[in-house]
Amino acid sequence: MQPKISIAMATYNGAKYLQEQLDSFLSQTRLPYEIVISDDRSNDKTMSILIEFRKTAPCDVLLLENSGEQGYSPNFNNAIMH
């Protein structure tokens, strides 16, 4: 039995390159079991891209949105904790 792969990701106003990064997760030899994404209150199209991605992803996608900007480390830690 192969171990399950989880991806933890932190986002903040990353819409420009986000779709390319998400697509790269799905083009790997082994698909992840889950992708956990914590967003730090982006004010671009990041969340709408993530919501659309979750609808069609072939794995579980957990989207977390911080109640306020936390900064990179706390935002990434939020993803890891979930």
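View A. Helices (H or I, at least four residues) and strands (E, at least two) are DSSP runs numbered from the N terminus. The model is predicted, so local features need pLDDT of at least 70 and side-chain atom pairs pLDDT 80 or more, while totals for chains, interfaces and linings use all residues. Residues count from 1 along each chain as its sequence is written, and side-chain values use heavy atoms, leaving out hydrogens and water. β1 and β2 run parallel, joined by six bridges.

**View B. The open sheet has three strands in the order β1-β2-β3, with parallel pairing (at least two DSSP bridges between two strands).** At the edges sit β1 (6-11) and β3, each pairing on one side only. Six bridges also tie β2 (residues 34-39) to β3 (residues 60-65), and here I35 stands opposite V61.

**View C. Helix α1 (residues 15-26) packs against helix α2 (residues 46-56).** Their axes, lines fitted to C-alpha atoms over the stretch in contact, lie 9 Å apart at about 25 degrees (angles run from 0 to 180 degrees between N-to-C directions). That makes α1 roughly parallel to α2, a label for angles under 35 degrees.

**View D. Here are the residues where α1 meets α2.** A15, L18, Q19, L22 and L26 of α1 touch T46, I49, L50 and F53 of α2, with contact meaning heavy atoms within 4.5 Å. By class, that's seven nonpolar, two polar and no charged residues; Ala, Val, Leu, Ile, Met, Phe, Trp, Tyr, Cys and Pro count as nonpolar, Asp, Glu, Lys and Arg as charged, and the others, Gly among them, as polar.

Key. Angles under 35 degrees count as roughly parallel, over 145 as roughly antiparallel, 65 to 115 as roughly perpendicular and the rest as oblique.
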